[in-house]
Amino acid sequence: MTIDSYIVRLEQQLQSLESQVIELLNTSTIERYPDNDYGPFYEPAIIALINTYYWGEGNESQKYLQLKLLRSYSSWFEQFQLLFYDSPQDIQKQINQTHTAVKKWIEKESGWNVPSTIEEAKALFKEQFQTYYQMLQIFKTSGQMRVILVPDTNALIICPDVSRYGAAVEQTTYTVVIVTTVLSELDKLKRDHRDIEFRNKVQAVIRRLKGLFHQGDIHEGVTVNKTVTVKTTAQGPDFTKTLSWLDPENNDDRIIAAALEVQREEPSSIVVLITADINHQNKARRAKLPYIEPPDTEKP
């Protein structure tokens, strides 16, 4: 099983977006105002201040491609931004400038940025787009690549032995991060679930985790079976610095947000959600967060 790191996935998606924008530009036209007609904003006193070139009218297929591109780009940009919360002001300024410029290329906004030819337009777009590649390179050339697995509550109940998770990702050395929402859900299930047999099963999971707590600093990580590190988080995710559609009142969303925080802290690593819940898998897919099923999940 091959899963790329967050940085590699962002770069691959960026390459695809770049190709699509180039495709859009290849099917576009650039027109020139006649010498005596500079459009509706023409005033003789400011004629020298108006760009003489503008985008030609697009057909229906071009407009459809623009809509798709804007949605895809907006989704990618929100993922990209996760890396740069709390970054220095000059980096934020550079990101915002690039973001504004890229949207203008996709929307084909007429103005000072419209060059005289499509070839020149493509060259200018690629030059501005390089900013994103350069920023991703910062993370590609620094940081240690690790495999980090984030199980949800049901995954731990299905398979509380985290040393078995490695088979699913074909790794023997990895880190398991158990987020605070999962710990809260386990406590609630132990206390409130009406099936006593299920409560006992949850209690067994909690006992196993408490056993790990006694082996060392669980926030820094304790070792299981020599090559597996287990850690827990002590606070919930910050929803001011995550994907906009995640709901802080929904526990599945809280687990995804917590996994994204782990991913943001270690973008060169491979972070994978462990879940058998189809709705959780669906949300992980939208969040572009890789997931796998826990061991012992029954197959149809």
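## Starting in the sheet

Ile274 stands opposite Ile292 in strand β8. From β7, the chain crosses through helix α10 (residues 278-286) to β8, and this β-α-β crossover is right-handed. Right-handed here describes a path from the first strand over the helix to the second that runs clockwise, with the strands pointing away from the viewer. Helices (H or I, at least four residues) and strands (E, at least two) are DSSP runs, numbered from the N terminus.

Before we go further, please keep in mind that this is a predicted model, in which local features need pLDDT of at least 70 and side-chain atom pairs count only at pLDDT 80 or more, while totals for chains, interfaces and linings use all residues. Residues are numbered from 1 along each chain as its sequence is written, and side-chain values use heavy atoms, with hydrogens and water left out.

## The whole sheet

In what order do the six strands of the open sheet stand? The order is β5-β6-β4-β3-β7-β8, with mixed pairing. Two strands count as paired if DSSP finds at least two bridges between them. Strands of a sheet pair through backbone hydrogen bonds, either parallel or antiparallel.

Both kinds can be found here. β5 and β6 (residues 228-232) run antiparallel and are joined by three bridges, with Val222 opposite Val230 in β6. β7 and β8 run parallel, joined by two bridges. β3 and β7 also pair in the parallel sense, over five bridges, and Pro151 stands opposite Ile274 in β7.

## Strand β7 and its cover

Is β7 mostly covered or mostly open? It is mostly covered, as five of its five residues are buried. Buried means under 20% relative accessible area, exposed means over 50%, and partly exposed lies in between (1.4 Å probe, protein chains only). In a regular strand the side chains alternate between the two faces of the sheet. You can follow this along β7: Ile270, Val272 and Ile274 point one way, while Val271 and Leu273 point the other way.

Helix α9 (residues 251-265) lies across β3 (147-151), β4 (174-178) and β7 (270-274), and runs at about 165 degrees to β7. For such angles, axes are lines fitted to C-alpha atoms, for helices over the stretch in contact, and the values run from 0 to 180 degrees between N-to-C directions. Gln263 lies in α9 and is buried, with a relative accessible area of 1%. Leaving out residues up to four places away in sequence, Gln263 touches Tyr6, Arg9, Val271 and Leu289; contact means heavy atoms within 4.5 Å.

Helix α1 (residues 6-26) has 21 residues and reaches 30 Å from its first C-alpha to its last, close to the expected 30 Å. The expected span of a helix is 1.5 Å times one less than its number of residues. Among the buried residues of α1 are Tyr6, Arg9, Leu14 and Leu25. Their cover includes β2 (53-55), α2 (60-81), α3 (89-107), α4 (118-140) and α9.

Helix α4 has 23 residues and should span 33 Å; its end C-alpha atoms are 32 Å apart, which agrees. Its buried residues include Phe125, Phe129, Tyr132 and Phe139. The buried residues of α4 pack against α1, β1 (30-32), β2, α2 and α3.

## The nonpolar core

Which residues touch the most other members of the largest nonpolar core? Of its 81 residues, they are Tyr165 and Val230. A nonpolar core is a set of buried Ala, Val, Leu, Ile, Met, Phe, Trp, Tyr and Cys residues joined through side-chain atoms within 4.5 Å. Beyond its neighbours within four places in sequence, Tyr165 is in contact with several residues, including Leu149, Pro151, Tyr174 and Ile274.

## Out in the loops

Most residues other than glycine have a negative phi, and most peptide bonds are trans. Asp86, which is not a glycine, has a positive phi of about 70 degrees. Asp86 is found in the loop between α2 and α3 and is exposed, with a relative accessible area of 65%. Glu170 is not a glycine either, and has a positive phi of about 55 degrees. Glu170 sits in the loop between α6 (166-169) and β4 and counts as exposed at 57% relative accessibility.

Glu31 has its place in strand β1 and is partly exposed, with a relative accessible area of 34%. Glu31 and Asp86 are 55 residues apart in sequence and 42 Å apart in space, C-alpha to C-alpha.
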